[in-house]
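Trainee: Could you walk me through this protein model? I'd like to ask questions as we go.

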Amino acid sequence: MNRFAATFAVAAFSVVSMSPLAASAAPDSDASHETIGVIVRAEAGDVASARHSFVALGGDITRALPVIDGFSGTIDEARLDDLTAASSIAAVTVDADVTPMAVDPALGYDPASTTSMSAITQITGAQTFWNAGFVGKGVDVAVIDTGVARVPGLNQTGKVIDGPDLSFDNIEPTLRNTDAFGHGTHMAGIIAGSDVTPGTSAKACTTCLGKSPYTDTTKFVGIAPEARIINVKAGAFDGAADVSQIIAAIDWVVQHRNDPGFNIRVLNLSFGTDSTQSATLDPLVFAAEQAWKAGIVVVAAAGNDGLMTYNLANPAMSPLVIAVGASDPRDTVGTLDDVVPSFAQHGNSTRGADVIAPGVSVISLRVPGGFVDQNVTAGKIGTRFQQASGTSQSTAVVSGLAALLVSKFPTATPDQIKAYLRATAQPVVLIETAKKTADGQLLFSTAVNSWYSGSGSARLDVNAKLPIAAPQMSAATGLGTLEAARGTYHVSNGTTTLTGEIDIFGSTWNPTTMATLTTNRTTWTGGTWNGARWTGDTWSGARWSSLDWTNHDSTDEDWTDDDWSGARWTSMIWDGGRWSGARWCGARWSAGTWSGARWSGARWSDSSWS
C-alpha cells in the first residue's frame, strides 16, 4: 500500500465533510503569509483542470498523486479559500509531517509512480470503465508470445487458457505452454493480470474510496482485470521464433476464436520483423488482416528501432490493424506533457502509429528463474515484478483497453474499436529528442509529425459513444515470400539457419495456396498446418491437447541437419521446471528472437532483453 498517498486521500475526503479550511477566519490583510504545502484532489478526476486552477492561483505543483486523482504542491496560505472554492477542486488538505512509506512492502514499488499499472490505468481512463462496471468480463484476448507462466496475478482459476504450443519448446514437457523467457507473462500481466478476486466488494478495499475494488493500490491490477488470456505460445525459452510459427499461430486463433466457451475478440502481437516487402504482399500482414476481417481487434507493436528506420514493424505496417507506438508519461497522469521516447518506431507519412500508450519502465509480472530473470539484472522490483520499456508494453496496454471497450460494446467491429481509440486519444505536443545520423546530420526536428504519435495517447472516455465506422479496405494479397517477411531475423540451431520458402518443419511454402487457405480459414486441419502436424487436435480440460514433435524430421535440404526427435533436443538442464541454462544442444537459437530491436520488447529498463 502507498500509505503516504492513501493517508492524504482519506484526509482529502474529510476536508469535504468538515471543511476546516473553509471554516477558518479570513486572513488578516496585514499579516505576513507563508507558503504552505497542500494536497489537492481534483473534482470528478479532472486533474488537468485542477492543476490549471492551482497554478493560476500562484501554486507550485511538486508531485503527481494519481492514486487520489490529485497532486501535492505549495501555495500562499492566503489563497487557500480561493483554492477550495475553485470548481475544479474537490478537496484540499494542508500537508502535515508524516513518515513517508511510498513503497508498498507487499508490492516492492510505489503504486503512485506513473510506471505502475495503478497509474497507467488512470492515465488511460481504464479506471473510469471499471467504476462503471466494465472490466473485460467475457472477453478473451489471444496473446501470441513466449507463453504465459501462472505466476501470482495470473494464477486465478480460468484466468489463462492454453492454446497450442507452436514454439521450439514443445519437445520439452516441463516447458510446454509456459513462459521460460519472460516476455509473454509481462504482456499478459499488463493486459489482464489481477491480484483482486472477481466479485470482491469495494467495502473490502481501504484505498478504493468508494470506487471499483480493482482500484486497490495495494494490489497489482492490469488494464482489463476480468478479461481472459488465451495463451498461444510461439516464442521459445530464449525468445526464438520464426515467421512461419507466428503465421500458424494467427491462423489458429482465427479458426478457434468461437470454439465452445470462447470469445476471442482481441489479438495481442507484441513483436515485429523488418520485412523487406510491401504490406500488400507480406504473408504475415495478410494473416493479421484476415484475423481483423474475422472480427478480432488486432493490436500490433510499432517497433523499437526508432534510431534505425522510420518504417513500422511487420505486421503493424498493415493499414487495417491498430499500430501502437510508445509514450513516456514523464511522472504525470496528464498527457499534454507526454513525449515519444527515442526508441519507439515512428513510421512515415504512408503509415504511422495509430495511437501511443505508456511504454517506458512499465512495471508488470516477471517469471522467476526465466531467461530474462537470470540474464538481465536491471529493473527487478521486489519479488514479483520487472520494469520494462518498449512498444511491446504499449501494445499490451492498448489490447487491454480494447478488451474493456468490447466488454462495454459487445457487438462492436474492429473498425469501430479502432475509430473509438483514435477519436478519444489525447494529443501530445512533444517529441523526446531530435534524431541524428552517426556524423551528426539532423534527420528530423522536434516538431510534431502525425505519424510519430498518431491520434495521441490512448485514453478511454466512459461517456463517449461508439463511432459509426465503415469497414476498412485493404488490397493485401499475401503473395509475397516468407524470407522477405523475416527481414533480417532468422532462427538457427548454431549450424543451420532457416531461410527461404520453407517453414520450421521444412515444408515448402506456396504463397498462393496458403493465401487461399488463410482467406477460407482452413489452414489448420486438426493439428496439421501446411502439410505437417504441429500440435494436437482438441481441447483437453483447460488446455489444447499437445503433440510432441518427436517423429518429425525436416526434409528440406537447407534444414536437413535438424531432427526434432531424440537426443538432439533433450540436452537441456532443468531445475524445478525452470530453465537453468541458455542453450539447446550447446547452441543458442539466435537472431530471430524477441530480444532483437524489432521484437518490440527490446528494453528491460536500460538493459536489453538479451
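**A buried helix and beyond**

Mentor: Let's start with helix α7, where His183, Gly184, Thr185, His186, Met187, Ala188, Gly189, Ile190, Ile191 and Ala192 are buried. Buried means under 20% relative accessible area, with exposed over 50% and partly exposed in between (1.4 Å probe, protein chains only). This is a predicted model, where local features need pLDDT of at least 70 and side-chain atom pairs count only at pLDDT 80 or more, while totals for chains, interfaces and linings use all residues. Residues are numbered from 1 along each chain as its sequence is written, and side-chain values use heavy atoms, with hydrogens and water left out.

Trainee: How many residues of helix α7 are buried?

Mentor: Helix α7 covers residues 183-192. It is largely enclosed by the rest of the structure, because the buried count is 10 of the 10 residues.

Trainee: How many helices and strands does the chain have?

Mentor: Helices (H or I, at least four residues) and strands (E, at least two) are DSSP runs, numbered from the N terminus. Going by that, the chain has 27 strands and 15 helices.

Trainee: What percentage of the residues in the chain count as buried?

Mentor: The chain has 610 residues in total. The share that counts as buried is 59%.

Trainee: Which residue in β12 stands opposite Ala326?

Mentor: Two strands pair if DSSP finds at least two bridges between them. Strand β9 (residues 297-301) pairs with β10 in the parallel sense over 3 bridges, and there Ala300 stands opposite Ala323. Strand β12 (residues 355-358) also runs parallel to β10, joined by 4 bridges. In β12, the residue opposite Ala326 is Ala357.

Trainee: Which residues are the closest to the centre of the largest pocket?

Mentor: On a 1 Å grid over the protein atoms alone, a pocket is an open set of points with protein on both sides within 12 Å along at least five of seven lines, and lining residues have an atom within 4 Å of a point. The largest pocket has a volume of about 1000 Å³. Of its 45 lining residues, the closest to the centre are Gly45, Asp46, Val47, Gln122 and Arg459.

Trainee: Which helix gives the most to that lining?

Mentor: Elements that each supply at least two lining residues include β1 (35-42), α3 (47-56) and α5 (117-123). The top contribution is 4 residues, and it comes from α5.

Trainee: What is the volume of the second largest pocket?

Mentor: Grid points are joined across faces, edges and corners, and a volume is the space filled by probe spheres set on the points. For the second largest pocket, that comes to about 340 Å³.

Definitions and conventions
On a 1 Å grid over the protein atoms alone, a cavity is a set of points where a 1.4 Å probe fits but cannot get out, and a pocket is an open set with protein on both sides within 12 Å along at least five of seven lines; lining residues have an atom within 4 Å of a point.
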